Amino acid sequence: MPTDLQALRDLEHVGLAAPTADEAFDRFARLVRRHLRVPAAVVYFVVREGQVLAGASGVPEPMQSNRLLQHPGTLTNVITARGEPVVTVDARADPLLCDNYLVREMGLVALAGYPVFDLRGRAVGALCAVDDQPREWSQDDLDSLADLAAACTAELRLRAERERARRIQETAVRANRRSRFLLSLSEAFANANTMDQVEEVIVEVGTAGIGARYCAFALADADGRGITYRSLVHAEPQFPQRLRQTKLDEQRPLAEAARTARPLFFRSADEMFTAFPGSEELCDPEVGARAYLPVVTAGAVVAVIMLAWERDRGPDQDSYALQTGLAHYTGHALERARLLEERRESAKTLQRAMLSRLPEVPHLDMAATYSPATRSDQIGGDWYDAVAVDDDATMFMIGDVTGHDMRAAAKMGQLRSLLRAFAWSHDESPSALLSLLDKANSGLGLLASGTAVVARLERVAGAYQLTWSTAGHPPPLVLREDGTVERLSVLPDMMLGVRPTSKRTDHVTTLRPGDTLLLYTDGLAEQRGTTPDQWLNRLQKTLGALGDTATAALPVTLVRRLASDDQRDDVAVLAVRVRAAAPSGPPSPGRPATAERKLAPSLLDVGPARIWVDDVLESCGVPMPLRRTVMLLTSEILTNAVDHGQAPFTATVEVDLDRLRVGVRDSSTVQPELRDPAVTEFGGRGVQFLERLASRWGVDRHGGAPRPSHRHGPPREGRRTGKTVWFELDLG
């Protein structure tokens, strides 16, 4: 047996260290047997356990099948030891060979063997022809055997070269993959400026890049005593929500990694359970390997990344490098995200402090939002405002001061305050207010430039008259009750800060119940490379698709849909909707307020119908906390009617001084059932809401003999075949 361990490893790499037959070397053994006309021939290689017969022909069993010779003795070892051929006519007569196992036990008599060399010229095996009778080997026999042994050497070296090339290529691929992975990490984290974006990158890299099945991200608590998972959406299944937060002194892998700042790797669930006996109840035993990677910045652990695989696996060198690279880049990204988040929050706080709270005006539903640019930690010049002049008139304003710095924000604050004071103290038209503002801007030395829209909404018989004037600002939009969007396009007047004496013009239109006025700044939809008409068309289309969205959610929803993640400009949005009042007027003693609305047989009409119910209740003086409960129950009975009932559908609202009632009629006689759905079921909870939240609820049958359908209320007769599902809430 050779002492060179490298030779043994090389044989292992080319697959010749295991006792199995090799097709190529079996062919060489057959050639020897055929050409030399011997009973048996072998090609063997020396390994730790003995000699592996990679090629064998005519060898007795069980050696022919087992392919391992564990008692080689000196007869065959001498070939590889000397690196020279061994030829014997009769081994029994040779004092050096006669006591060999092959001679004594296997009946070997004559042998001719030539060594087989590897790439480094080491004799690692031999090609042998054997006979069970004394034999004089001819020169032709020995020449043929030498040629075939050289062919065996060539085959072995070819395999070694292939394996060497494969390993070089594999190493290059791994190095390239590692380099590309680190480059992709750098690129991915370069655009991650918020904690949410950092977490998204971590999950994507951990699953798609590293190959983990589950990934979770935990941040160290501010007090330094614990660590908390930001989200369990991508964590391993069955992880309990109650354990989302961990104290650092607990015996859990997450706490251990955060406490010691050392990564933890577990090849299997059993290995982790052995290291942390208390974790059996916390983790899914079906999940395999896990890794906990601490993220260290400024010498302190600020986060831990948890990766889990479905199967058992060991942390090889490549995966370890990739995982530690992920933790390293995460640390830099977290530092940057924390800094930007703090600056953005400071900017938002200061900006919102300069924006006044919207007033509460009867029969008007108002909402606004301000969103700063994501690429800047400074305050912008976008603003909005609303002033209730009297019971019938309200002023709405929005503007954009040129610039994106503290100076622009300061000028914005002064302009907004001036305009707000003018709107309150001067009973003037929007154009007159803009003229006063522009003159004050020049006369007081503010010298600010920018755009603005001032609109006056005044109640008239059954509707509102909208009067507006624009100073170079994008045109207002009106979302009509029928879902169409009207662009109030007029020739804009001169922007503020250019020529204070320029003439300004008023424009008039009408808003009816259900119509929504939208004022906005250009950052909402303006895009590089597009014309104003193109991005205004995009804004109109998006607004039209949000016809069933509650006014309170409309500004934020528009910003999310239209302003990109890489928001380059500040955005201000103000939405004002004219509520639909009860046709009968508010309730009075002895006379309830009533309203009725037809529903289209489509779930798309559920949202508008829900908003209509809220409008009617608001016009009847129902307080907001109670209306929230009504909206939940109304959504359930409207959806159930459209989903399971038959057209036509009608929603009714009735409000008196003591209680309110909402009902939905349809033509089906199938009644809702009170049941207890399984956790995995998506539906079946609507009736439970009615049972628990309503003061009373029930089902009235129409067109047949009345019968009570629920213990909470008396049946009522109707004029149409079908049923009415209703609920009541006490106003007291």
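Guide: Arg-290 is found in strand β11 (residues 290–297). A strand is a DSSP run of E, at least two residues long, and a helix is a run of H or I, at least four long, both numbered from the N terminus. This is a predicted model: local features need pLDDT of at least 70, side-chain atom pairs count only at pLDDT 80 or more, and totals for chains, interfaces and linings use all residues. Residues are numbered from 1 along each chain as its sequence is written, and side-chain values use heavy atoms, without hydrogens and water.

Visitor: Why does Arg-290 count as buried?

Guide: Arg-290 has 1% relative accessibility. Buried means under 20% relative accessible area, exposed over 50%, partly exposed in between (1.4 Å probe, protein chains only). So Arg-290 counts as buried.

Visitor: What makes the pair of Phe-25 and Phe-45 edge-to-face?

Guide: Rings of Phe, Tyr and Trp (its six-membered ring) pair if their centres lie within 6.5 Å; planes under 30 degrees apart count as stacked, over 60 as edge-to-face and the rest as tilted. The centres of Phe-25 and Phe-45 are 5.3 Å apart and their planes stand at 75°, so the pair is edge-to-face. Phe-25 lies in helix α2 (residues 23–36) and Phe-45 in strand β1 (residues 40–47), 20 residues apart.

Visitor: Why are Phe-266 and Phe-276 called edge-to-face?

Guide: Their ring centres are 6.1 Å apart and their planes are at 80°, so Phe-266 and Phe-276 are edge-to-face. Both residues are buried.
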